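Let's take a walk through a protein model together. Have the picture open and follow along as we go.

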Amino acid sequence: MLALKHLDDRDDGVLIRSVLAGDEGAFGELLRRYEDRVHRLLSRFTRDRMESEDLAQEVFVKVFRKLHTFQSDSSFFTWLYRIAINTATDYSAHRKRRRLHLVEDAAALDPGDRDEDGAAGPLLESELRQVTREVLSRLPEKYRTILILREYEDLSYTEMAEVLGCSIGTVESRLFRARRRFKEALERSHPDLVPQMRGGHRA
Amino acid sequence: MNGRERDEHLVARFIDGMLHSEELAAFERRQLSEPTLRAMVEEQREARDWLTRDRAACDAAEPTRRSIAGAVLAEVRRLPSRAELERHEITEAAEQSVLRLSRALLVAAALVFAVSALFWSGLMQGTDPRHLEASDRQRIEAIDHAIDAAEAQRRFAELPPR
């Protein structure tokens, strides 16, 4: 128990050096430490549990393979996030190419949630998730990614700049534009939901 | 950075609560007198609030998931040794740089070919001084002709009437 506690307390740098020296247990510890966060991040992109699990697995195998390229002057967490984001965006591009998302988007909105005249009661949570997923999937990748990092993962501007490999100024302007594009896309595709954005009810 | 871009940065930081007290006070004063700035803030707040609601909905609906640790460790055990992985990485990097270099050479060759084709088809004028001289000569000759014609016209006009 004491040994386990000691293992848990080791910082990332120590664990990484142990993994590179051949200690599989240390990699298991890194995995357990970040598994939840990586899985959660990926599920923001895929919005599918199974796909997120598959991608998380892929991410950690990549991490193991490339661990010797990790520069210890940066944080392991941002390096890991970068790999996860690249994996998620590759996956999205692949999925777009296969046009799978079109099929999903067509089925995304449950017509049962709407009244015959197109107006309905307050937005259901499932509908909110589906509409948001649909709108996010239409945004350029860089805007979708920054919205996920900020609005869903609560990363600070400094962390986002590190993960995305850009300046804080770029983070600020990209975030502003991403929110603007999101709102415009939502207004265009679901004009009836706009009053709900302002906290009211659907027109 | 122009004024609009500066405002975009300020609005983003305001929405995320990143402005420090002096900046915040100045920004709030500006909002009172600048409707455009207020509209920018409102737009950003609406988008942010929508996404916050979606995040809460997603978190509430998140199903329990199985740990992937076992599967990852099993896959990692099947990988080659660290030394081989590093060697593979170096080979891959070398292949990538060769590929990048080949691509750059190919693009350069295509550009040279395109410029040559344009040149030989006459669509692109060369900078040979003889071409410039020839065109200057033609221009001077044209001016001479114009002067001669004007002179002839003037002399004709000065002829006494019959």
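## Two helices to start with

In this predicted model, let's begin with a pair of helices in chain A: H4(A) passes H5(A) in a right-handed crossing. H5 covers residues 76-97, and its axis lies 10 Å from that of H4(A), at an angle of about 130°. That angle makes H4(A) oblique to H5(A).

Who does the touching? On the H4(A) side you'll find A:Leu55, A:Glu58, A:Val59, A:Lys62 and A:Val63, and they meet A:Leu80, A:Ile83, A:Ala84, A:Thr87, A:Ala88 and A:Tyr91 in H5(A). Sorted by class, this contact has eight nonpolar residues, one polar and two charged.

## The chain as a whole

Now zoom out. Of the 203 residues in chain A, 32% are buried.

The mean pLDDT of chain A is 83, and 80% of the residues reach 70 or more. Two stretches need some care, though. Residues 1-7 of chain A stay under 50, and the model gives them one contact beyond four places in sequence. The pLDDT is also below 50 over residues 105-120 of chain A, a stretch with 16 contacts in the model beyond near neighbours in sequence.

Where pLDDT is low, the predicted coordinates should not be read in detail.

Next, look at H2 (residues 12-20) and H3 of chain A. The axes of H2(A) and H3(A) come within 7 Å and cross at roughly 140°, so the two helices are oblique to each other. H2(A) passes H3(A) in a left-handed crossing. From H2(A), the contact uses A:Asp12, A:Leu15, A:Ser18 and A:Val19, while H3(A) brings A:Ala26, A:Phe27, A:Glu29 and A:Leu30. By class, the residues of this contact are five nonpolar, one polar and two charged.

Further along, H9(A) and H10(A) pack with their axes 9 Å apart, at an angle of about 100°. They are therefore roughly perpendicular to each other. Here A:Tyr157, A:Thr158, A:Met160 and A:Ala161 of H9(A) make the contact with A:Ile168, A:Val171 and A:Glu172 of H10(A). The class count for this contact is five nonpolar, one polar and one charged.

## Two residues with a positive phi

Most residues other than glycine have a negative phi. With that in mind, find A:Arg47, which isn't a glycine but has a positive phi of about 55°. A:Arg47 sits in the loop between H3 and H4 of chain A. Is A:Arg47 exposed or only partly exposed? It has 18 C-beta neighbours inside 10 Å, so A:Arg47 counts as partly exposed.

A:Asp154 isn't a glycine either, and its phi is positive at about 60°. Look for A:Asp154 in the loop between H8 and H9 (157-164) of chain A. A:Asp154 has 9 C-beta neighbours inside 10 Å, so it counts as exposed.

## A tyrosine that reaches chain B

Now go to A:Tyr152, in helix H8 of chain A. With 20 C-beta neighbours inside 10 Å, A:Tyr152 counts as buried, because 20 or more is what that label takes.

Along the chain, A:Tyr152 and A:Leu41 are 111 residues apart, yet their C-alpha atoms are separated by 8.1 Å. Which residues is A:Tyr152 in contact with, leaving aside its neighbours within four places in sequence? They are A:Arg44 and B:Arg55.

## Where the chains meet

How values were computed
Residues are numbered from 1 along each chain as its sequence is written. Chains are lettered from A and ligands numbered from 1 in the order in which they are written. This is a predicted model: local features need pLDDT of at least 70, side-chain atom pairs count only at pLDDT 80 or more; totals for chains, interfaces and linings use all residues. Axes are lines fitted to C-alpha atoms, for helices over the stretch in contact, and angles run from 0 to 180 degrees between N-to-C directions. Helices (H or I, at least four residues) and strands (E, at least two) are DSSP runs, numbered from the N terminus. Angles under 35 degrees count as roughly parallel, over 145 as roughly antiparallel, 65 to 115 as roughly perpendicular and the rest as oblique. A crossing is left-handed if the near helix is turned anticlockwise from the far one by less than a right angle, and right-handed if clockwise. Two residues are in contact if their C-beta atoms, placed from the backbone, lie within 7 Å. Ala, Val, Leu, Ile, Met, Phe, Trp, Tyr, Cys and Pro count as nonpolar, Asp, Glu, Lys and Arg as charged, and the others, Gly among them, as polar. A residue is buried if 20 or more other C-beta atoms lie within 10 Å of its own, exposed if 12 or fewer, and partly exposed in between; C-beta atoms are placed from the backbone. pLDDT is the predictor's confidence in each residue, from 0 to 100.
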